[in-house]
Amino acid sequence: LVVGFVGLQDEAFAALLNVGLEPTPVSRPHPPIWTGGNSRRALRRAVDRADGWIPMPAPKAFARFVRSSPLESLADLRAGLEYAHRRGAEVGRTVPLDVMFGPMNVGRYGDPRFDAPAYIEQAGHLSELGVNYAGVSFSMPGSGSMQSGARFLELAAGFMREVASKV
């Protein structure tokens, strides 16, 4: 993403001289940059270059498939966050790393099997670990229609009222 005007030295890009992108972001100096992944390399990249980190729950079999590190429990997440703190101290990071992670094994909101008390309890533990954004999955059979958009808004409002307000 190029914001503002740039001058390029390479002749191969001569046609792109003085190219800009508008509208420019409101955030300064740039929009927040988030990176994802569970590996040490991904976490190092988040600490060194990003504003936030988004790890993903990953059982061992899935982690092998996507070539990432497993993240099967809050203990695994804690280990990653401890590494992030150590890495931040090593590189002199002065701003805390934002972290987004949702409670695991609670189901999808809108499905009868969604476990709201477990979500609320885990969200508290995640907050204690340093997670400052919690994700949620919604149960939305079908997609691509206006009904799905309306259903999403209905679920989001219900989640905020019934679950998020209690975290």
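Which residues lie nearest the centre of the second largest pocket? They are Ala84, His85, Val95, Pro96 and Leu97, out of 13 lining residues.

Before I go on, this is a predicted model, with local features needing pLDDT of at least 70 and side-chain atom pairs pLDDT 80 or more, while totals for chains, interfaces and linings use all residues. Residues are numbered from 1 along each chain as its sequence is written, and side-chain values use heavy atoms, leaving out hydrogens and water.

By pocket I mean an open set of points on a 1 Å grid over the protein atoms alone, where a 1.4 Å probe fits, with protein on both sides within 12 Å along at least five of seven lines; lining residues have an atom within 4 Å of a point. In that second pocket, α3 provides the largest share of the lining, 5 residues; helices here are DSSP runs of H or I, at least four residues, numbered from the N terminus.

The largest pocket has 22 lining residues, and nearest its centre are Pro57, Gly102, Pro103, Met104 and Ser137.

Now, the inside. A nonpolar core is a set of buried Ala, Val, Leu, Ile, Met, Phe, Trp, Tyr and Cys residues joined through side-chain atoms within 4.5 Å, buried being under 20% relative accessible area with a 1.4 Å probe, protein chains only. The largest one has 17 residues, with Trp53, Leu77 and Phe101 among those with the most contacts inside it. Helices α1 (40–49), α3 (74–91) and α4 (116–129) each supply at least two of its residues, and α3 gives the most, 5. Apart from that core lies another, of 9 residues, including Tyr109 and Phe138.

Notes
Buried < 20%, exposed > 50% of the residue type's maximum accessible area, 1.4 Å probe, protein only.
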